Amino acid sequence: MQLDSLSWFPGHMTKTRRMITAELGNVDAVCEILDARIPMSSRNPDVDELTAGKPRLIVLNRVDQADPEMTKKWAAYFRSLGYAVIETDAKQGGVKQFSSAVRTLLRDKIASYEAKGQIGRVLRVMVLGIPNVGKSTFINKVSGRKSAKAEDRPGVTRTKQWVPVDKTLELLDTPGILWPKFEDSGVGVRLAFTGAIRDEVVDIEELAMRLMDYLGKNYPKAIEERYKLTVAEEDDGYALLEKAGRKRGFLISGGEVDTERMSRILLDEFRGGKLGRFTLELPPEGESA
């Protein structure tokens, strides 16, 4: 499938939308997990409408793979919209602040419950996020258990799951949800870079070429250090992909570079944080990367 016309909306995502609407009355707040490398592209634009009126907590996840200065700017941006914000790396840590952040966000509601004699009432938080954003891993870390199924591929969670954190806090894990069609083709490309869209539905070489082109223009040192090559001003993504493949010895008959193999290596290393820490887009007051 061509990246510029990417459309991705499996049937289970329609079911998820209905489930979110049905369960909204049963929760006190909504927590949205975003990828700190692509905070805007990893936001489902339908979530604001679907969860209107509920207190919101934004979790900028995978901050260990994002540009630290840009993460600060994104956190400030979301706070300016009235959201509570925490930064996490769900695989390593940073989730301990979650419970206190939820209680701070809901302090007025907690006070209201206590005024009615409902001291210690269980707070329920719906956790939303696009596929492969690290939502289930985050929930497992927060709850200290393996209740939420987590795998490093999109679309694993298919049903809702209530996960207790402690005696007064429960999380509703929901399936990852994307939206019918990306109005901005760049959003689909950035989602594909991070693995939120399955590699099977995109042209892997075109995707890697675009990523290499972006990194070559914006983070040339990272490419040079990782693949032991020199980034020339005239090099486009394909030229850099060939250079990297040649350095790695990925050659096929006739001495040609196996660019498909190099494409998969590039994407794996980018997603695994082996190339460095990058943020691929800026808050709205700046220009998109």
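The dialogue below goes through features of one predicted model, from the overall make-up to single residues.

User: What should I know about the model and its numbering before I start?

Analyst: Residues are numbered from 1 along each chain as its sequence is written, and side-chain values use heavy atoms, with hydrogens and water left out. Because the model is predicted, local features need pLDDT of at least 70 and side-chain atom pairs count only at pLDDT 80 or more, while totals for chains, interfaces and linings use all residues.

User: How many helices and strands are in the protein chain?

Analyst: Helices (H or I, at least four residues) and strands (E, at least two) are DSSP runs, numbered from the N terminus. Here the protein chain has eleven helices and six strands.

User: What share of the residues is buried?

Analyst: Buried means under 20% relative accessible area, exposed means over 50%, and partly exposed lies in between (1.4 Å probe, protein chains only). Of the 289 residues in the protein chain, 51% are buried.

User: How do I read contacts along the chain?

Analyst: Contact means heavy atoms within 4.5 Å. Among contacts in the protein chain with a separation of 6 or more, 68% are between residues 24 or more positions apart.

User: How many aromatic pairs does a search of the whole structure find?

Analyst: Rings of Phe, Tyr and Trp (its six-membered ring) pair if their centres lie within 6.5 Å; planes under 30 degrees apart count as stacked, over 60 as edge-to-face and the rest as tilted. The search finds seven aromatic pairs. In one of them, Phe 98 and Phe 138, the ring centres are 5.4 Å apart and the planes stand at 85°, so this pair is edge-to-face. Phe 98 belongs to helix H4 (residues 97-105) and Phe 138 to helix H6 (residues 135-143), so the pair ties together parts that are 40 residues apart in sequence. Both Phe 98 and Phe 138 are buried.

User: Are the rings of Phe 270 and Phe 278 stacked or edge-to-face?

Analyst: Their centres lie 6.3 Å apart with the planes at 5°, so the pair is stacked. Phe 270 is buried at a relative accessible area of 3%, and Phe 278 is buried at 4%. Together with Tyr 214 and Tyr 219, Phe 270 and Phe 278 form one aromatic cluster.

User: Which arginine lies over the face of Tyr 113?

Analyst: A charge sits over a ring if NZ of Lys or CZ of Arg is within 6 Å of the ring centre and within 35 degrees of the ring normal. Over the face of Tyr 113 lies Arg 121, at 4.0 Å from the ring centre. Arg 124 lies over the face of Trp 162, at 5.9 Å from the ring centre.

User: At what angle do H8 and H11 pack?

Analyst: Axes are lines fitted to C-alpha atoms, for helices over the stretch in contact, and angles run from 0 to 180 degrees between N-to-C directions. Angles under 35 degrees count as roughly parallel, over 145 as roughly antiparallel, 65 to 115 as roughly perpendicular and the rest as oblique. Helix H8 (residues 204-218) and helix H11 (residues 259-271) pack at about 55°, with axes 9 Å apart. H8 and H11 are therefore oblique to each other. Residues making this contact include Leu 207 and Leu 211 of H8 and Leu 267 and Phe 270 of H11.

User: How does H8 pack against H9?

Analyst: H8 and helix H9 (residues 220-227) pack at about 110°, with their axes 5 Å apart. That makes H8 roughly perpendicular to H9. Among the residues that meet are Met 212 and Leu 215 in H8 and Ile 223 and Tyr 227 in H9.

User: What about the backbone angle phi?

Analyst: Most residues other than glycine have a negative phi. Arg 62 has a positive phi near 60°; Arg 62 sits in the loop between strand E2 (56-61) and helix H3 (68-80) and counts as buried at 14% relative accessibility. Lys 228 also is not a glycine and has a positive phi of about 55°. Lys 228 lies in the loop between H9 and helix H10 (237-248) and is exposed, with a relative accessible area of 61%.

User: Which residues does Asp 48 touch, not counting residues up to four places away in sequence?

Analyst: With that exclusion, Asp 48 touches Arg 43, Arg 56 and Tyr 83. Asp 48 lies in helix H2 (residues 47-50) and is partly exposed, with a relative accessible area of 34%.
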